[in-house]
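Work through the exercises below with the coordinates open. Each task is followed by a stepwise solution.

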Amino acid sequence: MQRIGSCGQASRPMSRRVFSAGLAVATAGAALGLAGCGGPGGSDGDSADGAGSGDADGQSGAGSQGNAGAQDDSSSSGQVIQMPALGQNAVCVTEYANNALVVLDPTTGAVVERVTLGVNPAYLAQSADALAVTCTGSSQVAIVPLAGGPVAMAQVGTQPLGVCAGVGSSAGRFYVTDYNAGCIHGVDQALASVVGTAVLGGVGYQNRIEPPECCRRNDPTAQGRRPVSVACSPDGATVYAATYGTYDLAVVDVASMAETGQMDGTVGPRKVILSPDGSWAFLAGVGGESSERETDLIVMDLATQKRQARIPIGAGVAGVCQSIQDGVLFCTARDDGLVVRVEPDGDGAWAVTLDTQLGIGVESVALSADGSLLVVCNNQTGVVWGLDPVSLEVLWESEPLAAPKDALVISKG
């Protein structure tokens with residue numbers, strides 16, 4: 001039985017954790033030069049990243065290479081991109097409307113670096129020694145070395161969107177969703193090139209071929225499975241992709257780069273993550289374009305491929321992350337402006353223990369690996385907050401950024 005407690009601030013006493021961190025970004029020279037479903041707090045339209053739908057790239061067959069190419073250390077403007085070293089707990093934010101990666105000081109929220117990348121940088125993932133940034137408007141993935149140096153720009157498909165880092169048997173690769181082309185690309189980190197592509201089938205879970213009516217629009221290019229977010233299993237053998245077009249969770253074997261199954265998902269997906277042990281998938285979705293908002297975080301049992309729970313969060317569930325220490329979940333309800341803390345009870349149930357109001361438009365949420373800092377982006381106001389994960393008390397607030405899309409807190413070791 002799912003057990004959900006009060007969402008009020010007084011639902012249970014919380015002690016304030018003192019946050020401290022060292023300087024996150026190494027000294028560097030001056031920074032280089034410099035919008036999901038619609039509805040309240042959303043600015044993206046049907047396409048989950050806000051870029052135009054465009055045309056699919058016509059790839060077919062599992063294992064095709066897609067838009068593979070040689071490594072390029074330049075942005076879409078042709079300039080070589082240099083990135084300073086990124087230290088422990090450095091807060092990285094994609095500035096979607098400014099074509100930039102912004103680095104914030106984790107103790108103050110001050111901007112310490114702003115580096116121009118490709119067009120419309122969207123989502124982030126980190127491997128042991130690099131950061132991947134999908135640039136949806138220029139069909140690129142930026143591979144940023146954590147130690148600093150030139151940024152490699154990989155040409156990836158037509159509209160790269162979600163990204164995750166391979167682990168275990170797939171370490172050294174990033175897996176990237178191609179929204180328009182309906183596929184998952186494997187990108188070799190060292191080569192900065194696509195080395196394999198899994199094309200999702202045209203039919204999804206329970207023979208779905210299109211989203212529910214609340215998510216449709218009169219656009220002939222907005223067709224197909226349209227994968228949005230992706231997560232890798234702990235052994236590196238499987239990736240799971242949340243799709244917009246058939247609102248399911250596609251299962252992809254990375255050895256063959258082939259789709260091997262589907263399970264139910266969420267409407268208007270924004271984020272999928274897996275529990276550290278690979279038992280559960282957590283799906284955040286905002287629901288319909290202007291109605292039928294999704295209010296629950298969906299929990300899927302990956303062993304049975306069945307829905308295990310629906311956790312009430314609030315209207316337009318846009319973000320989710322999980323603590324690797326205690327399994328606590330942090331979610332955002334975009335249209336209610338809420339950040340919500342959800343705790344496991346050790347018996348397969350979840351309890352909402354706390355929430356805080358940060359304003360309509362809150363979307364991405366990220367937690368530092370040591371559990372000391374929670375970062376929340378408001379795509380509508382442009383503000384990024386640093387919160388105490390225990391009390392959800394605001395520790396700092398950034399200057400307004402240009403449509404912050406995603407956040408990630410660097411972890412070294």
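The model is predicted, so local features need pLDDT of at least 70 and side-chain atom pairs count only at pLDDT 80 or more, whereas totals for chains, interfaces and linings use all residues. Residues are numbered from 1 along each chain as its sequence is written, and side-chain values use heavy atoms, with hydrogens and water left out.

**Exercise 1. Describe the largest pocket: its volume and its lining.**

Step 1. A pocket is an open set of points on a 1 Å grid over the protein atoms alone, with protein on both sides within 12 Å along at least five of seven lines; a cavity is a set where a 1.4 Å probe fits but cannot get out, and lining residues have an atom within 4 Å of a point.

Step 2. The volume, taken as the space filled by probe spheres set on the points, is about 1,200 Å³ for the largest pocket.

Step 3. Its lining has 39 residues, and Gln126, Ile273, Leu274, Ile324 and Leu408 lie nearest the centre.

Step 4. By type, the lining of this pocket holds 25 nonpolar, 11 polar and three charged residues (Ala, Val, Leu, Ile, Met, Phe, Trp, Tyr, Cys and Pro are nonpolar; Asp, Glu, Lys and Arg are charged; the others, Gly among them, are polar).

Step 5. Strands are DSSP runs of E with at least two residues, numbered from the N terminus. Those that each supply at least two residues of the pocket lining include S5 (121-126), S10 (160-165), S14 (227-232) and S18 (269-274).

**Exercise 2. Which residues line the second largest cavity?**

Step 1. The space in this cavity is about 40 Å³.

Step 2. Its lining consists of Tyr123, Leu124, Gly162, Val163, Ser229, Val230 and Lys271.

Step 3. The lining divides into four nonpolar, two polar and one charged.

Step 4. For the largest cavity, with about 100 Å³ of space, the division is four nonpolar, two polar and five charged. Tyr123 and Lys271 are among its lining residues.

**Exercise 3. Which salt bridges does Arg310 form with Glu294 and Asp296?**

Step 1. A salt bridge requires a side-chain nitrogen of Lys or Arg within 4 Å of a carboxyl oxygen of Asp or Glu.

Step 2. Arg310 meets Glu294 at 2.7 Å, N to O. Glu294 is in the loop between S19 (280-285) and S20 (296-301), and Arg310 is in S21 (residues 306-312), 16 residues apart.

Step 3. Arg310 also bridges to Asp296, with the closest N and O atoms 2.9 Å apart. Arg310 lies in S21 and Asp296 in S20, so this pair ties together parts 14 residues apart in sequence.

Step 4. Arg310 is partly exposed at 29% relative accessible area, while Glu294 is buried at 11% and Asp296 is buried at 13% (buried is under 20%, exposed over 50%, partly exposed in between, with a 1.4 Å probe and protein chains only).

Definitions and conventions
Helix = DSSP H or I, 4+ residues; strand = E, 2+ residues; numbered from the N terminus.
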